[in-house]
Amino acid sequence: MMAKRESNGQYHLGDLTFRVRKVGSTAWVNGDTSTARRPVSAITMSGTTLAAANLAPTLPSSSLLNITRRWIVQDNVLQLLFDVTNSQNTAVEIGALGIPLEFNNIFTDRTAAQTNTLCSLFDPYIGQDAGYVQVTPLLGTLPPLVVLPVGRSPLEGWRFLPESTSADPFYQSQTFEGLYEWQFHTLAYAQNEWAAVTPWNAPTSVTLQAGQTRTYGVQFHLASSIRAIEQTVRGANRPVAVGIPGYILPMDQIGKLFLNYSSAVQSIDVSPAGALTWSTNTDAKAAGWVGYSITPHTWGRVRLSITYSDGILQTIHYYVTNGATQTISDLGNFLTTSQWFNSTTDPFLRSPSVISYDREVNAVVKDDPRAWIPGLSDEAGAGSWLAATMKQYVQPNAAEVAKLEQFATKILWGSIQNNNGTVKKSVYFYEPTLLPSYPYPTTIFWGNWWSWNRAASFATDRAYDYVHVAAAYWALYRVARNYPSLVSVQTWQWYLNQAVFTITTMTGGRVGFANDGLMGETVIRLLLNDLKREGLTANATLIENRMRARETIWAGERYPFGSEMAWDSTGQEGVYAWATYFNDTTTATNALNSIIAYQPLIPHWGYNGNARRYWDNVYGGKLQRIERQIHHYGSGLNALPLVSAFEASPTDYYLLRVGYGGISGPLSNIDQGGFASASFHSFADTLKWDAYSGDYGPNFSGHSMGIGTFIINHPDFGWQAFGGNVISTSPSVQVQIRDSARRRVYIAPLGTLISLDAGAFSLISYDPTAQKVTVTITAVPDSATSAASADNGRLVIEQKAMISGITLLKPTTNLSVNAGAYTVPFTSGSGTVTLAM
């Protein structure tokens, strides 16, 4: 592989880039060791030095700097150092300085076994002096590499490195994402290419006086496991931060932040000013940790800067949203108003529907060369109506449900889905000879493969599309079953049967990719569970048998994560769901480890819980390019196995932290007006949400199925709630439920999940001594004034983990049971029930 990467302009570990100017000058001089490679001048080794060289021969004569590269071993740790000397007789300002990082993330021409055993992914914590890069092998079980600063070598910026994309192994492609640079200083970029954006960190430069030298570098540590990365960072005496519930904070939640470093906190600042406030707390139970309560105030990106008494600077990156239930309300309203497409003249049978949207021009996307985007199918076309229907599952709204019933009975059934159960890949197509009067925009280039004609659009061979259709039916079944006054067009039985029909058609042997793990197919497990609860044994058995056949195939494969792509992070969710259902522990563990490898735990809202996706903007975004995407649908979907695994192992807090980071990710995509973007662009010159709604729907689908409040008693931090506010810990633990759905509460010490089919959790009181739980349920979620009111609560209790001495909780009063749910009567809009063993 390296023989294919020997040309000038191809970056390797050991390269250096910089921008420099004499003090008083305005123009930056560029330096880049990869541009014109020449043999460097070796320097005699001694002591701890393994190799050293002066890089002058491979730098331009105008570089103004003299640079020596050293590879050394210090205390059994490998370090890469650059001694940067001002070789001028006047002061020099360094406006950018960076080390390209190269690790084996090249999947080109590799088999699944080779890719999974040889390759890694790497992600940054862009946290200044506390920053690091983690390099995680794809198996998820091999020791990861942790790249840390040496001395004052901050990870201030993270820059994608441009290279030629035309030759094998095809840089910046689906099989080779590309490489990135650890930047110590970024001012020269902030003044130029990044001038229109707000960088992650405040850009800096450094001035070297004549003859002055400053050393920059990184050190390479091997962690024992991915879970041990934070422990490895602490062991290297670098600051560690733990955020609860993570770094995406709705305004109605109080976050917790715990810091661990050998030097005391000297000061904390926030940008923008006033966006967060903080106060110390006494939650920390273990030595070395100091705790803070974080209160969010201002919507959007927020940077918390922590300066320690030894001068070390750590930055932690938050994203503040509107209150969680309000954010979901805003989403539902936007989807069913601004994105509601109602046209009496549309020839593609798309009306009425929730259609794709372009936030830059604030208009629906009626035409796009990628036929599926305006064609209501595929992830990027189905995404908007999928989000709209799944929103009703967690927070139904009467007016929204009325519109979505029109869509489901006129367009979903009859246009997107044929009467034989098959699902079109798009209802939109480019074929002017068939539609001579349709005004296809002449500004669009229609010559690419994705501008499908009618035959290609009407093909029904893509299983992924069927899951979205089934999810929409299932969500409306849930509404009709639990909020019957909201539906008027069809019964809950019709919606449920349609979901079953769609899945059985998908698995009937005529649809491609049906034996791959499919995005969002956790909904099929929920469907199966509901069929059992309803006593519909024949349909339940049919679905179960179809899923068993798929899982039997996966059980015989080491890497059953195939998809349309050479490598993917879409199949693991479904593989895990059915492997656990059929008690295939080996396959489930392999899937979970795969997710752990590509879904990081990092003190940064954009990377924490952000599953690896980097090509989907080409197929669903407005800005089309290969790049590391932030909170694309991988976040919400891959979080589902992590959350599920935590529920089965309720002291594995690593799973909860990563899973909650991913399951919270889709909230950040929703702007203040309710528009939801497909993903955030991570390149340092962009740092913005994509303008297209695109394939956001599967992301929200994952969010809706997995979000909840998780109550834990952490050995280091005591009683905490992911998704709620702990307001008391003695004699009972009382938690205000503040997640976006208010439908799921998991009490980890009991291994018990309590959930609602109707109503919303408001307050949970858990008495650890008596092992009793008191639940307050309201007809409408707090702060969601537009949500439909439930007639009563419908409470489901499940034992997710087997814990010694714990048996299934039951109501202490006599409540009626309907389809597996206890009916909790309301008085003045709320009800309370006590649960005990």
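Four elements each supply at least two residues to the lining of the second largest pocket: β9 (132–137), α3 (229–235), β15 (240–244) and α16 (653–668). Bear in mind that this is a predicted model. Helix α3 gives the largest share of that lining, four residues. The pocket's volume is about 410 Å³. It is lined by 20 residues, and R227, E230, Y654, R657 and H714 are the closest to its centre. By class, that lining has 10 nonpolar, four polar and six charged residues.

Now the largest pocket. Its volume is about 1000 Å³. The lining runs to 34 residues, with R525, L526, E647, E798 and K800 nearest the centre. Two or more residues each come from α10 (522–533), α12 (571–581), α15, α17 (696–706), β35 (752–758) and β38 (793–799). Which of these gives the most? Helix α10, with eight residues. By class, the count is 14 nonpolar, eight polar and 12 charged.

Stay with α10 for a moment. R533 forms a salt bridge with D530, the closest N and O atoms being 3.7 Å apart. The two are three residues apart in this helix, so about one helical turn separates them. D530 is buried, because its relative accessible area is 1% and the cut-off is under 20%.

Next, α15, which spans residues 633–648 and holds P641. Is P641 buried or exposed? Buried, with a relative accessible area of 1%. Leaving out residues up to four places away in sequence, P641 touches Q572, E573, Y576, L592 and I595. G375 is another matter: P641 and G375 are 31 Å apart, C-alpha to C-alpha, and 266 residues apart in sequence.

On to the other salt bridges. The structure holds 46. One of them pairs R159 with E181, the closest N and O atoms 3.0 Å apart. R159 is in strand β11 (residues 157–160) and E181 in strand β12 (residues 180–185), so this pair links distant parts of the chain, 22 residues apart. Both R159 and E181 are buried.

E177 and R612 form another, with the closest N and O atoms at 2.9 Å. E177 sits in the loop between β11 and β12, and R612 in the loop between α13 (585–598) and α14 (616–620), so the pair ties together parts 435 residues apart in sequence. E177 and R612 are both buried.

Last item: a network. Salt bridges link D378, E379, R462, D465 and E564.

Conventions
Residues are numbered from 1 along each chain as its sequence is written. This is a predicted model: local features need pLDDT of at least 70, side-chain atom pairs count only at pLDDT 80 or more; totals for chains, interfaces and linings use all residues. Side-chain values use heavy atoms; hydrogens and water are left out. Buried means under 20% relative accessible area, exposed over 50%, partly exposed in between (1.4 Å probe, protein chains only). Contact means heavy atoms within 4.5 Å. On a 1 Å grid over the protein atoms alone, a cavity is a set of points where a 1.4 Å probe fits but cannot get out, and a pocket is an open set with protein on both sides within 12 Å along at least five of seven lines; lining residues have an atom within 4 Å of a point. Grid points are joined across faces, edges and corners, and a volume is the space filled by probe spheres set on the points. Ala, Val, Leu, Ile, Met, Phe, Trp, Tyr, Cys and Pro count as nonpolar, Asp, Glu, Lys and Arg as charged, and the others, Gly among them, as polar. A salt bridge is a side-chain nitrogen of Lys or Arg within 4 Å of a carboxyl oxygen of Asp or Glu.
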